[in-house]
Amino acid sequence: MKPTVVKIENLVKRYKELIALDHFSLEIQEGEIFGLLGPNGSGKTTTINCLLSLLSFDKGSIEIFGKEMTPVSYDIKRQIGVIMQNVAVLQELTVYENIDYFCGLYIRDKATRKQYVMDAVHFTGLEDFLKFYPKKLSGGLLRRLNIACGIAHKPKLIILDEPTVAVDPQSRNQILEGIQTLNREGATIIYTSHYMEEVEQICTRIAIMDKGRKIAEGTKEELKSIIKNTETITIAVSILPDTVLEQIQNLEHVERAICEQGELNVSCCGGMHNLVEVLHVLQENQIAFGKVYTTLPTLNDVFLEITGKALRDKEV
């Protein structure tokens with residue numbers, strides 16, 4: 001097993017009457033891209049702020065790189081890069097000056113810092129914008145500058161909080177590819193996002209939290225296996241008698257069968273040959289059908305099933 005980079009044990013954080021973190025525990029191993037998911041108000045932001053020692057907590061412990069994390073753990077903080085959702089750059093400095101400034105907070109040697117800054121520039125594709133001021137950059141370029149400032153000092157642990165919010169598809173793809181490159185080069189990454197397809201694409205392991213607790217954890221395959229709906233079959237039909245619908249509903253692995261507006265939707269739980277069995281029922285009853293397709297559950301399906309579909313308004 002690889003070394004543990006982040007270890008959170010039994011963390012409790014209260015804001016007066018509100019319990020933001022309720023005995024929350026988490027371990028992240030070296031080399032992971034770890035997705036931390038949860039609806040608004042689940043405690044993700046509080047977890048990150050406690051992890052960075054920006055917030056005190058009421059109970060529990062946090063270790064990073066095997067050492068206790070405290071507000072004065074500067075040796076640990078030098079090895080962490082943070083890219084938060086809100087772009088945090090200095091408007092009065094150019095692109096190059098911004099990256100140099102943030103890198104200089106950790107790297108004192110001028111020659112080394114210059115090399116690190118240019119590495120970050122090349123990594124984020126900002127070569128043509130070095131003399132631009134932030135107000136002249138597009139949303140995607142601003143995000144890339146934000147990332148360059150956060151990773152220029154070559155941290156071993158990188159925390160990315162919603163890094164692709166409000167960017168165009170091209171910038172999003174470049175950011176995601178960049179995150180995977182950083183990981184291949186040795187960085188351990190904590191990634192939060194509301195874009196489930198991104199998490200499914202890049203994260204090696206995922207934790208879902210709600211109301212300050214961890215409610216599920218595992219690979220995307222492991223998480224998908226915990227929900228009832230393992231396959232959805234959709235078939236275009238012109239007419240489907242209730243008796244035939246009942247036969248489909250009574251198949252061993254069918255959880256639910258609904259026919260509306262000329263479309264049969266069958267939700268299955270387990271089973272290896274669900275489509276074959278449903279089509280067999282239709283053919284036996286001489287039911288004409290058209291387009292047929294099946295879909296497997298997505299991470300979004302998992303997220304909604306275990307956290308609910310009610311709207312959340314506020315992040316904690």
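Begin by selecting the six strands that form an open sheet of mixed pairing, in the order β6-β7-β8-β3-β9-β10; strands are DSSP runs of E of at least two residues, and helices are runs of H or I of at least four, both numbered from the N terminus. Two strands count as paired if DSSP finds at least two bridges between them. The edges are held by β6 and β10 (213-218), each with a single partner strand, so one side of each has no neighbour in the sheet. From one strand to the next, the twist averages 15°, with axes fitted as lines to C-alpha atoms (for helices, over the stretch in contact) and angles running from 0 to 180 degrees between N-to-C directions.

The model is predicted: local features need pLDDT of at least 70 and side-chain atom pairs count only at pLDDT 80 or more, whereas totals for chains, interfaces and linings use all residues. Residues are numbered from 1 along each chain as its sequence is written, and side-chain values use heavy atoms, without hydrogens and water.

Next, select β3 (residues 33-37) and β8 (residues 188-192), which pair in the parallel sense over three bridges. Within this pair, Phe34 has Ile190 of β8 as its bridge partner. Helix α6 (residues 169-184) lies across β3, β7 and β8, at about 150° to β8.

Now move to the open sheet of four strands, β12-β13-β11-β14, where the pairing is antiparallel. Its edge strands, β12 (254-260) and β14 (289-295), each pair on one side only. Select β11 (residues 231-237) and β13 (residues 263-268), which are joined by six bridges; Ile235 is partnered by Leu264 in β13. Helix α9 (residues 242-249) packs on this sheet, touching β12 and β13, and its direction makes about 155° with that of β12. Helix α10 (residues 274-284) lies across β11, β13 and β14 at about 25° to β11.

Finally, select Ile80, Gly81, Val82, Ile83 and Tyr106, which lie nearest the centre of the largest pocket, among its 19 lining residues. On a 1 Å grid over the protein atoms alone, a pocket is an open set of points where a 1.4 Å probe fits, with protein on both sides within 12 Å along at least five of seven lines; lining residues have an atom within 4 Å of a point. The largest share of the lining, four residues, comes from β6.

Definitions and conventions: Contact means heavy atoms within 4.5 Å.
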